[in-house]
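Dear colleague,

Please find the structure below, followed by a short account of what was found in it.

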Amino acid sequence: MSFDEKCFYCSKNKDLDSLMIKICDLNVSTVYLFKEQTYNGRCNVVYKEHKSEITDLTEDEAAAFINDVRKAAKAIHKALNPDKINYGAFADTMKHLHIHIVPKYKGGPSWGKTFDMNPAKTFLSEEEYEKLIVNIKNNL
Ligand SMILES: [Zn+2]
């Protein structure tokens, strides 16, 4: 297993907790709810090991990872009925493979444009996070 203690996805430290809440583990990844919820239902699917690029995975590992992304996106479609989901894989500085799953709604924030990485303006109550997580989990 590739592991980097300086990486918050590996160490699962308070920096990770400040940004995301774990929803569940899937086959080769962990799904997190992004605390910043400008895009209702925004999640992050994080690969189980510290790998930088999807090209660092074998064909089978990459297929399993993309299938986890597909599964999470399908649950979000069922739970929240967005008009489109955007997928983002950047990680220039945080080199741990992850894909942002960003639901978009017609007329909503950034519709027709690239989503903002961290608008830092929409946060929910603990109860609202829990409700959203249960809704997504029930559709996984
Ligand atoms: Zn890592």
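A polar contact is a pair of N or O atoms within 3.5 Å; within protein, one must be able to donate a hydrogen and the other to accept it, and residues adjacent in sequence count only if both atoms are side-chain atoms. The model is predicted, so local features need pLDDT of at least 70 and side-chain atom pairs count only at pLDDT 80 or more, while totals for chains, interfaces and linings use all residues. Residues are numbered from 1 along each chain as its sequence is written, and side-chain values use heavy atoms, with hydrogens and water left out.

The side chain of T38 forms such contacts with the side chain of T122 at 3.3 Å and with that of E36 at 2.8 Å. At 13% relative accessibility, T38 counts as buried (under 20% relative accessible area; exposed is over 50%, and partly exposed lies in between, with a 1.4 Å probe and protein chains only).

D56, by comparison, is partly exposed at 39%. A polar atom of the D56 side chain lies 3.3 Å from the backbone nitrogen of S52. Between the C-alpha atoms of D56 and F115 there are 26 Å, and the two residues are 59 apart in sequence.

The zinc ion has the protein donors C7 (SG), C10 (SG), H50 (ND1) and H96 (ND1), at 2.0 to 2.3 Å. Donors are N, O and S atoms within 2.8 Å of the metal (3.2 Å for Na, K and Ca); water is not among the atoms, so sites may look incomplete. Along the chain, the donors follow the spacing C-x2-C-x39-H-x45-H. Both C7 and H96 are buried.

Yours sincerely
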